[in-house]
Amino acid sequence: MLRDLQGKVRIVQEHCQNAVKVLARAFGLSLIPHAFKSLRHVTGRGLHEPLKVAIRQKRSVALARSLIHIVPFGLALFEIILNWNEYYVGVDTYNQALYQLIAKVHEIMIQASLGALLFSFVRHELAIGRGLPFGALFSGLQLNQISYLWSMEFWGSVRSNHLDIWRKVRLSMIVALCIILGTLCGPSSAILLIPRLDFWPAGNTHIWLNATREQLWPSSVDASIIPDGCDLALEQHLSNGCPWSEWTSIMEFLAVTRDSMPEVYRDLYGVRTSPGYVELSGKSVTRQLYAQEDDAYAPENVFPALSTTQQAAVADAFGSATALWLLALTNVTAQRGHGHPLSDQSDSTHRIKADYFQPYVSSFCVPDTLEGENDSRPLVFPTLLNANSEPQSDTTIQFYGWHGLESVPGITKSGILRSNIYDKSKVPSMYHLKWIELNEDRFRGSSTGAVMFLPRTPANQSQPVLMCNLAAGWGSSAISIQQSLSVLSGSTSSTANWDIPEDPDISIQITNAPVNQLDPNVAFTYPQFPQIPINISESWANLLSPRFSRSNDTIINRLMQLQIFPGHPNSQAHHVLSAMVANGLARIGFSSELQGQLRTISGVNGSVELDGNYWLAGKGDSFIVNASQAKNWTKLKLESTLEGHAYNTVGTPPRIANSSSHDVLYRGIVPCLLRWDFGSTSWDSIAEVTALAMNSTPTEHLRNTCAGITELHIFKLPVRILARKDTEGEGEHLELVFGSVSEKETSKNVIQTNRAYGTMATIKDKQC
């Protein structure tokens, strides 16, 4: 009884020892069981290797060996799920070095897994398959050597005549796939494991303004759309719906431009630097009024001014919506946010990319004169080359500019003589404006004209003027706001949604970049951009520069008296006029506001809170509006992003990393293991294969190879592992057999499962 029990215990111990050895060999840790074994044996014993079973017919052994794939497979699956689900970490993250260390460990584990897979395939073909070419014998050791794919070993293997076409395809695909994946797994794991700092999707919703698109962006403007009380200007800074509102911002722009360069340089060379834009106030956000010079037509000595600013009503509604978004996120906490809401963790960016327009205005002025009340000459306006076309020009205007006598093409205005606009009742020491509607077909592309009366002495009957041509239009744009931590308000900026035309003659090479960073400023080229031309009436334009309520002074006189280029007022005038018109057009629809009710949820204490999770997830519109009313409203889509560390598949590298390594790597690994891994733990190192080769009978096929191999046909040789009878005793040993072997000899000498091999043949002289 006791003896039987001891026998069963011994069997269990052997099974446990075998399992431990299998696991240790699978993970490359054979030294551990050897160390424990050394503690139980006296030094000097066990000098010879024991007999070993080459093939164990046990699925449990195969499954035990497959444990090497569990950890890399699990981590790869975790990385894929993490990135596909767009997991947002937050503004704080662990040390990047820790992520890189984990990625490196994962790379080593994946390469070990691939090596085990490739060795299983090689063992299967050598031991119980139909053999392999000699060049593929050590392919499992080349995982980190992509150069193996163009080596003689690999090409000799795939070109071997001993393989049919299917086996060649299978061999080349398995080896190439394992080596390529072994090379890419490290960078792929690092890309997927290390969270990326960027602006990540943080919800989107539609917003509505209670105004039609025609009310916000009309193709024709007159005094009827201007609110009451705009016929007199105010001295102080004020933001409202009047076209002249915030004229002081334009003066600030001119003052900064004037003082940006020492006097000696600006007067001698006409050098100025410009701030590019000036801030405009709003109900909820600030806007930028851009004013720059378009040097795209410099070869023609034409430098039109370009101005644009965000539409006030849209910018304010946009700013209100982003402030509500930030409030909604106060009840949303990041997974690693240390308990702080997302609104307190990082900056955010919000954009309206489509269906939004803002005014773009271009103007150009040239000096001219009105020779008293009897001047019968017609008015001539300069051709605005980025709006009018050259064939529309019918004359030439000459004037003294920066380079002496200059000339530009002009267009004659019919029906109005110079004497018709000469007005000696105007105060001669002031600047005055006379707006001229340019409705003729020859001015196609122009929105309005302006005659600016320059100061003169009362005794001088010759009135110096500036003839100005202006073009304005609604251009498709994108508007954005960047918000800082917990700051509800922001500052808007915009980009022009204009595609560069294929016409090589158009020299403007810009678009889809911040307007304040463009040189030239904006792609103002009809009919490509802006898309909706604006016809400006004289009645609307007159309210751009009304007189002040307590004096006869006007806005244009205040702005022009701040001289930037003494002696060259036209260089200042076209900037002033374009900025004034852009500012006035942007205030159309000023009274329209954000509409709709926000989605809410019940708080912990029964309070009503904004549904931040719904908005953040982008499941639908967070603003609820009446469908019948919304038909007459302007609808825009707001997209939000949040800065921080996150996992997702945005961009090319994460997508390539997902598809190139992990998904392909483990899609078929388990079926392959169950087919190829038949429980063998032999020949998975160079030393073991070398020992097997040393104990094999020399072959004529390898003659003259002891100093190297230079011929491809050597690597084409088929090789198998077969059993051979010992010359001494009844035992059997295993040998590498090169060359073709008959089916009879193969069936007779095939390796038997669960049989121990290892005795040694009689040593013979061997030739190299």
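Which residue forms a salt bridge with Arg-558, and how far apart are the closest N and O atoms? The legends below begin with this pair.

The model is predicted, so local features need pLDDT of at least 70 and side-chain atom pairs count only at pLDDT 80 or more, whereas totals for chains, interfaces and linings use all residues. Residues are numbered from 1 along each chain as its sequence is written, and side-chain values use heavy atoms, with hydrogens and water left out.

**View A. Salt bridge between Arg-558 and Glu-235.** The closest N and O atoms of Arg-558 and Glu-235 are 2.9 Å apart; a salt bridge is a side-chain nitrogen of Lys or Arg within 4 Å of a carboxyl oxygen of Asp or Glu. Arg-558 belongs to helix 14 (residues 555-561) and Glu-235 to the loop between strand 5 (220-221) and helix 9 (247-258), so the contact ties together parts that are 323 residues apart in sequence. Helices (H or I, at least four residues) and strands (E, at least two) are DSSP runs, numbered from the N terminus. Arg-558 is partly exposed, at 21% relative accessible area, and Glu-235 is partly exposed, at 43%. Buried means under 20% relative accessible area, exposed over 50%, and partly exposed in between (1.4 Å probe, protein chains only).

**View B. Salt bridge between Glu-246 and Arg-587.** The N to O distance in this pair is 2.5 Å. Glu-246 lies in the loop between strand 5 and helix 9, and Arg-587 in the loop between helix 15 (569-585) and strand 19 (594-595), so parts 341 residues apart in sequence are tied together. Glu-246 is buried, at 1% relative accessibility, and Arg-587 is buried, at 2% relative accessible area.

**View C. Salt bridge between Glu-107 and Lys-104 in helix 5.** The closest N and O atoms are 3.2 Å apart. The two residues are three apart in helix 5 (residues 96-127), which means a separation of about one helical turn. Glu-107 is buried at 14% relative accessibility, while Lys-104 is partly exposed at 44%.

**View D. Strand 9 and its pairing partners.** Of the 24 residues in strand 9 (residues 348-371), 17 are buried. Strand 9 runs antiparallel to strand 15 (residues 462-483), joined by 21 bridges, with Arg-351 and Ser-480 as bridge partners. Two strands pair if DSSP finds at least two bridges between them. Four bridges join strand 9 to strand 24 (residues 634-646), also antiparallel; here Ser-348 stands opposite Leu-642. Strand 8 (residues 305-309) pairs with strand 9 in the antiparallel sense over four bridges, and Ser-307 has Val-361 as its bridge partner.
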